[in-house]
Amino acid sequence: MTQISAADQPPATPPPTGLGRAVTLQFGNNALLSQLLGDHDRHLMRIEQALGVRLACRGNRIAISGDPEQVETAQAALNTLYSRLERGQQLTGGDVDAAVRLSARGSDPRLPLADLPAIRTRRGAIQPRSPGQTAYMDMLSRHEMVFGVGPAGTGKTYLAVAQAVAMLQTGQVDRIILSRPAVEAGERLGFLPGDMKEKVDPYLRPLYDALNDMMPGDQVIRRMAAGEIEVAPLAFMRGRTLAHAFAILDEAQNTTPMQMKMFLTRMGEGTRMVITGDPTQVDLPTGVTSGLADALATVEGVQGIGVARFGRQDVVRHPLVGRIVEAYDQRATAARDAKRDSRPTPVPRERG
């Protein structure tokens, strides 16, 4: 692939008025270029919408024009995606979004995009799709206890389950334990029929979904029957010591401080623990302190514990999810500002 400067080769489409940079990239393999563009240029349109640049393909060249910083990001993303195709990998819309996030100035993934960490399961390698995921996956490989904190859609639980499955399949741990507090998210489900498993399964369904993404369904069933994989509500952890296990506590913002301390102190020899949660989605009764917030205030900075914090820029679901998270954050910030401004100004007391 050859880069041609704007001075050497004018872009197929001039830059929009007021935006000052144009770059043209030339690609040597037309078959790979076709995959890079996507059906009906959908990958190019995805980059345009994400960055506000203009992309135009003519022959084996793609012209990029727009804001200089965004042009640089688009250029890096296209280079990354083309390199991925050269290695025989396929492209999806999620891969395009990931390349844009990881190429953005200031994202600082600390490693060349081709050398980013990966979690390798028998279903294939799972690579980070945002700077926050890059740091998180690095912590998962190095720390015995990791907190993943941030909004929904950032991959906190999914990547933790992937790391657990990878370590189980390579014999680094003997079993996986997945747990959640059974707290109703704003609804009143009432008395659920069935045995204990049927009562708690609705709370644990996201963990089953992640497991089935990493392993064939029959293997999940077989390993669960053998006790190698256990999915249980948090209350079932009391009194146990977890040795040579990979334990994940999901939705940890809905634990109480006592429940959180109970879980953290279950750690035994050869065990890894991951605690994930979103502090903005607490479903505990009013006035009850979140165990996640309490734990972070208590143990953050303790040697051997890693804390990965995700932001809306790390949301890897539909792009609209990131904008929804941002809208809620803005409203919460405005409410805090309004509350602060409404406080009466204290009147100084007169002496004497």
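## Overall make-up

The protein has 11 helices and 12 strands, taken as DSSP runs numbered from the N terminus (helices H or I, at least four residues; strands E, at least two). This is a predicted model, in which local features need pLDDT of at least 70 and side-chain atom pairs count only at pLDDT 80 or more, while totals for chains, interfaces and linings use all residues. Residues are numbered from 1 along each chain as its sequence is written, and side-chain values use heavy atoms, with hydrogens and water left out.

Of the 352 residues, 44% are buried, meaning under 20% relative accessible area with a 1.4 Å probe, protein chains only (exposed is over 50%, partly exposed in between).

## Two aromatic pairs

Now to the rings: the structure holds two aromatic pairs (Phe, Tyr or Trp six-membered ring centres within 6.5 Å; planes under 30 degrees apart are stacked, over 60 edge-to-face, the rest tilted). In one of them, Phe-27 and Tyr-82 have ring centres 4.8 Å apart and planes at 55°, so this pair is tilted. Phe-27 sits in the loop between strand E2 (21-26) and helix H1 (30-37), and Tyr-82 in helix H3 (residues 68-86), so the pair ties together parts 55 residues apart in sequence. Both Phe-27 and Tyr-82 are buried.

Tyr-136 and Phe-310 have ring centres 5.2 Å apart and planes at 80°, so their pair is edge-to-face. This pair links distant parts of the chain, 174 residues apart: Tyr-136 is in helix H5 (residues 131-142), and Phe-310 in the loop between strand E12 (305-309) and helix H11 (319-341). Tyr-136 is buried at 0% relative accessibility, and Phe-310 is buried with a relative accessible area of 9%.
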